[in-house]
Amino acid sequence: MVGEQARPVRVLVGGVAVDPLTERQVVEHVDGELGAGRGGRIVTPNVDICRAVAKDVKLRHLVNSADLVVADGMPLVWASRLLGTPIPERVTGADLIWSLSKLAARRGWPVYLLGGPPGVAASAAHELTACYPTLQVCGVDAPPYRFESGAGERERVRRKVVGAEPKMVFVGLGFPRQDRLIARLSQDLPGAWFVGCGSAIAFAAGTVPRAPEWMRGAGLEWAFRLVSEPGRLARRYLVDDLPFAARLLGDCLRARASSGSAHDSSGSAHDSSEGARDSSGSAGE
């Protein structure tokens with residue numbers, strides 16, 4: 001288990017403090033915390049989320065105050081490597097919904113699925129329980145778009161989740177809506193773990209196709225999704241996210257080069273100082 005004392009120091013990438021953990025370590029951490037009766041929040045930032053928090057201090061706090069922050073986007077992994085503080089791997093909500101559900105099935109912990117169009121969460125529950133027959137899905141919900149703007153609907157969603165008494169809650173409403181909701185719900189269910197998972201529920205249901213594994217590993221999942229959903233994602237990926245990712249990687253590369261130059265200059269100054277002392281000593285002799 002990755003205990004509090006054993007956990008590596010967070011890596012600052014694109015304004016987000018990321019836990020440099022593998023997916024396996026995340027699962028082990030949640031296992032240990034839930035076993036001890038402690039809940040928490042997991043945020044999975046990608047380039048789009050980093051771009052949002054760069055412009056909003058409150059959103060940055062919402063992300064950085066989570067119990068676990070893991071890199072959903074490969075550009076964050078690449079940026080951390082350029083900075084010399086590498087994040088071991090990409091850890092996505094789309095993967096965690098499976099690995100944490102597997103853990104929940106083994107431990108007998110009920111899970112709750114919240115988000116997606118009508119019927120999608122129920123389909124995801126069917127797929128997850130088909131894969132893990134002992135998994136208990138204690139509830140699903142697909143609240144209407146912008147439900148949080150109405151007090152009545154917001155309270156209905158809250159009561160349904162709290163009444164189900166889950167130990168894990170996967171919330172797929174998109175950032176920052178899902179993470180704001182999680183921050184509120186976690187006060188009602190302090191012993192549960194919440195995962196802001198974006199499209200993971202739709203991926204699990206099979207209603208939205210996911211990129212092949214080789215594209216994910218190469219950092220090209222965004223291209224697959226762009227081809228699959230051009231109308232919804234073209235502006236976000238091509239106009240907003242790609243330029244931000246390029247700036248992020250460029251800034252990290254320059255920071256690394258600057259750090260190396262400063263180190264070299266310091267070393268040269270130290271060598272010169274040593275040489276001056278040697279010359280002085282020789283003259284005295």
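**Aromatic pairs and the sheet**

Modeller: Happy to! In this predicted model, there are 2 aromatic pairs. One of them joins Trp 98 and Tyr 132 in an edge-to-face arrangement, with 6.3 Å from centre to centre and 65° between the planes. The planes count as edge-to-face because the angle is over 60 degrees. Where do the partners Trp 98 and Tyr 132 lie? Trp 98 belongs to helix H5 (residues 93–107), while Tyr 132 is in the loop between helix H6 (120–131) and strand E6 (137–141), so the pair ties together parts that are 34 residues apart in sequence. Is Tyr 132 buried or exposed? Tyr 132 is buried, with a relative accessible area of 17%, because buried means under 20%. Trp 98, at 27%, counts as partly exposed.

Another aromatic pair is made by Trp 222 and Tyr 237. This one is also edge-to-face, at 6.4 Å centre to centre and with 90° between the planes. Trp 222 sits in helix H11 and Tyr 237 in helix H12, so the pair ties together parts that are 15 residues apart in sequence. Tyr 237 is buried, at 10% relative accessibility, whereas Trp 222 is partly exposed, at 33%.

Let's stay with Trp 222 for a moment. Helix H11, where Trp 222 lies, covers residues 221–228. Trp 222 also belongs to a nonpolar surface patch of about 560 Å². Why can Trp 222 take part? Patch residues need over 30% relative accessible area, and Trp 222 has 33%. Which helix gives the most to this patch? Helix H12 (residues 230–284) does, with 3 residues.

The charged end of Arg 210 sits over the ring of Phe 203, at 5.9 Å from the ring centre.

Now for the sheet. It is open, has 6 strands in the order E4-E3-E8-E7-E5-E6, and pairs in the parallel sense. Strands E4 (68–69) and E6 stand at the edges with a single partner strand each, so one side of each is left without a neighbour in the sheet. E4 is joined to strand E3 (residues 40–43) by 2 bridges, and these strands run parallel.

What about strand E7 (residues 168–172)? Here 5 of the 5 residues are buried, so E7 is largely enclosed by the rest of the structure. In a regular strand, side chains alternate between the two faces of the sheet. In E7, Met 168, Phe 170 and Gly 172 are on one side, Val 169 and Val 171 are on the other, and all are buried, so that both faces are covered.

Strand E5 (residues 111–115) pairs with E7 in the parallel sense over 5 bridges, and Gly 115 stands opposite Gly 172 in E7. Strand E8 (residues 193–196) is joined to E7 by 4 bridges, again running parallel. In that pairing, Val 171 stands opposite Gly 196 in E8.

Definitions and conventions. Residues are numbered from 1 along each chain as its sequence is written. This is a predicted model: local features need pLDDT of at least 70, side-chain atom pairs count only at pLDDT 80 or more; totals for chains, interfaces and linings use all residues. Side-chain values use heavy atoms; hydrogens and water are left out. Patches are made of residues with over 30% relative accessible area and no salt bridge: like charges are joined within 9 Å, nonpolar side chains (Val, Leu, Ile, Met, Phe, Trp, Tyr) within 5 Å. Accessible areas come from the Shrake-Rupley method with a 1.4 Å probe; for residues, only the protein chains shown count as cover. A salt bridge is a side-chain nitrogen of Lys or Arg within 4 Å of a carboxyl oxygen of Asp or Glu. Buried means under 20% relative accessible area, exposed over 50%, partly exposed in between (1.4 Å probe, protein chains only). Rings of Phe, Tyr and Trp (its six-membered ring) pair if their centres lie within 6.5 Å; planes under 30 degrees apart count as stacked, over 60 as edge-to-face and the rest as tilted. A charge sits over a ring if NZ of Lys or CZ of Arg is within 6 Å of the ring centre and within 35 degrees of the ring normal. Two strands pair if DSSP finds at least two bridges between them.
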